[in-house]
Amino acid sequence: MYFLTHHPFWSLLIILFFSFAMGIFLSIWRNHGKWFFILPSLGLLAAILNIFITHYLNSLFLNAVGTESTAIIVYAEETNSLYNDQYVWKYEAVLKTSEGQDMEASFTTMSASIYPLRNAILIPPKDEVFVAKYVPGFERNLLIMSDKSEYGKKWIINKDLKPIIKAEAKLATNSGNSKFISQYRQALQAFIEKHRNGPDSALIRQYEQKLEVLEAMERERQSE
């Protein structure tokens, strides 16, 4: 899986070669030309899917059997390749194994294995320690544990703050709108419930105070 993930071009050629070879072999052995078309077609499909899904499979594998440790990106370089209209970056990292050894690893924004699986490429900032997993004996196959790392926790908080920011903006247009008040209250409650035991306790206290004021306003409006 490491080879398939980190060398998609060579993987494509190898998959196509073996699918054509097996197609020719079965066509001769079975004396039926259909295999020459079926297997290469399946091989082409597998080669294309490999580019997009193998790093997900690698992430699931490493999360299931890997040993947890820490790592840090020591070098980052923008390449000339494009992926989703964004330049692909190449990274060099150093993994600190559970035995205290320093092991080198490299990956790109296309080959990086990240867990949990998301439709987002969350690469740790350079020079910031992050949580990682690896298989002893093959440390260069590195898994980035985004949600256990500080940068990932900040990303989650910023993502979960968006409903509050939107609700605040709506309420600012009309502080007496009962629908906007209800949406703001629900957004505050959802955020507080999810991040109550999180690292930013000051932010939670601030939102709890806002929620108390908001609930007091709602009670006052209902009593009128």
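Thr97 counts as buried, because its relative accessibility is 4% (buried means under 20% relative accessible area, exposed over 50% and partly exposed in between, with a 1.4 Å probe and protein chains only). Keep in mind that this is a predicted model: local features need pLDDT of at least 70, side-chain atom pairs count only at pLDDT 80 or more, and totals for chains, interfaces and linings use all residues. Residues are numbered from 1 along each chain as its sequence is written, and side-chain values use heavy atoms, with hydrogens and water left out.

So where does Thr97 sit? Look in the loop between strand 2 (86–96) and strand 3; strands are DSSP runs of E, at least two residues, and helices are runs of H or I, at least four, numbered from the N terminus. Leaving aside residues up to four places away in sequence, Thr97 touches Ser69, Met103, Tyr134 and Glu139, with contact meaning heavy atoms within 4.5 Å.

Now follow the chain to Ser111, in the loop between strand 3 (102–108) and strand 4 (113–115). Ser111 is counted as buried because its relative accessibility is 5%. Beyond residues up to four places away in sequence, Ser111 touches Thr5, His6 and His55.

Then there are the helices. Helix 4 (residues 150–173) packs against helix 5 (residues 178–195) at an angle of about 160°, their axes 8 Å apart; axes are lines fitted to C-alpha atoms over the stretch in contact, and angles run from 0 to 180 degrees between N-to-C directions.
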